[in-house]
Amino acid sequence: MKKICKSVLTVFLVAMSAMFSACMTDSEEKIPTLYPDNGLRFRLFPNDAAVNDSASANLAHGLTFMVHPNATYELSFDADTTFGDAPRLQLFKTKPVENDPSLVSLSKVKTVTAKMENGRYVYRFMCEKSVSETWALTLQQHGTYYQGSTNNVRLTGNGAYSDHMSLNLIVVGNVASKLSNFTIDDLANDLLAEFRKNYTSITIDTLYVNYADKHPTLGSKYPANQPWYAGWSSEDKMVSELGGWPGIENALDIVLVHYINDEDVLGYSNLFSGNMGGGSGSTVVLGAFVKGSDKARSLKEKEILATAIHESGHFFGLRHTTTARGDIGDYGDLSNKEDGFKDTPFCEDLWLSPLFKKRSDLNIGEWVMPRIKFPVIAGVFDYRTCLDASNIMFPYDTESDYDGFSEQQLAMMRATLMIYPH
């Protein structure tokens, strides 16, 4: 086992031991183990179509990705035959170090050899674990980190689970009494209809409605007579402890709060959350109001519904059609300025405009994807003119009707749902 610091600049060895999993063979034990040595700054997502140049550049020295029980994965990149035989892929389980979140421990899972297919090195492996885990990888060749090129890296995944799912709308605090011109029942009925209308590649079985104050173990923490501000009433903006509602643990949990304690933010989800069973990454959060610089403004039901469809797209791995600054964060990949799908437009003018930097001050954590609402400003690029403004995964709310998902977006979400245990 090895422990590494997750800091961008510092990687150091704390301890090492030969803790190999049962899936290793005797011959594998003779192969030198090369642990990630680059701080694990970058991550791969299954079936992600984005360019991911930084991931490609860091492949040999360390990346992370999430794996799920019984899912099969394929990692590939362009073969560089000038460096002789293909490198070996080494896979490691990562685990946070208790009492020190800046460290993760690494233990070897397996070594995978490549096959040459259509000019690419292809590595296939399966997650044989009983729970979802975060793995890391390196490339080893002749006892050292692979030095050949690793261009156009791709990770694909195929799961063993259903393409059906249910929704669970969780109402927090006194938001039900503050809605204008519609009720929670109206919202629930229309939410189910919108999901069935837009998520045509999967089947939405039903929608449940639950109230946080009625939670069997956490109810006392969420009084029904007070507004709930995600990120202020609780430090956790995702209110993730409400995910995995008892009795319907495998539904998609959509949490409705009074508002999110960030200006102009309508909703949040983690990108490729990987979790429909409760805990971290298991929720999509929506506000019934949006926080402004001076006061909060109530949202129309139409805006809440659109944000639910949008943020759930992130939950299943979709990026914004055109990247916003808040998507990338401090250490993100500037090559991922678009989602990579051929059937979604990209707005170069938005990418180059001051709006790209508009949300760079959001303190939302890595891979948390917001949907933003702010007015069109005179003299600043009008984002409503973008060709992708009608796609539901456009980063800003335009207050206009949207066309829904493209065929490639729908295919990715179906594949992702079937990877998530549910």
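A residue counts as buried under 20% relative accessible area, as exposed over 50%, and as partly exposed in between (1.4 Å probe, protein chains only). This is a predicted model, where local features need pLDDT of at least 70, side-chain atom pairs count only at pLDDT 80 or more, and totals for chains, interfaces and linings use all residues. Residues are numbered from 1 along each chain as its sequence is written, and side-chain values use heavy atoms, leaving out hydrogens and water.

**View 1. S149 in its loop.** Look for S149 in the loop between β9 (144-145) and β10 (154-158); strands here are DSSP runs (E, at least two residues), and helices are runs of H or I with at least four, numbered from the N terminus. With a relative accessible area of 30%, S149 is partly exposed.

**View 2. The neighbours of S149.** Leaving aside residues up to four places away in sequence, S149 touches F77, D78 and D80 (contact means heavy atoms within 4.5 Å). S56 lies 93 residues from S149 along the chain, yet their C-alpha atoms are separated by 8.5 Å.

**View 3. Helices α3 and α4.** Here α3 (residues 184-198) packs with α4 (residues 301-315) at an angle of about 45°, their axes 10 Å apart. Axes are lines fitted to C-alpha atoms, for helices over the stretch in contact, and angles run from 0 to 180 degrees between N-to-C directions.

**View 4. Side chains where α3 meets α4.** Among the residues of α3 that meet α4 are L187, L191 and F195, and the α4 residues include I304, L305 and I309.

**View 5. The whole chain.** Of its 422 residues, 56% count as buried.
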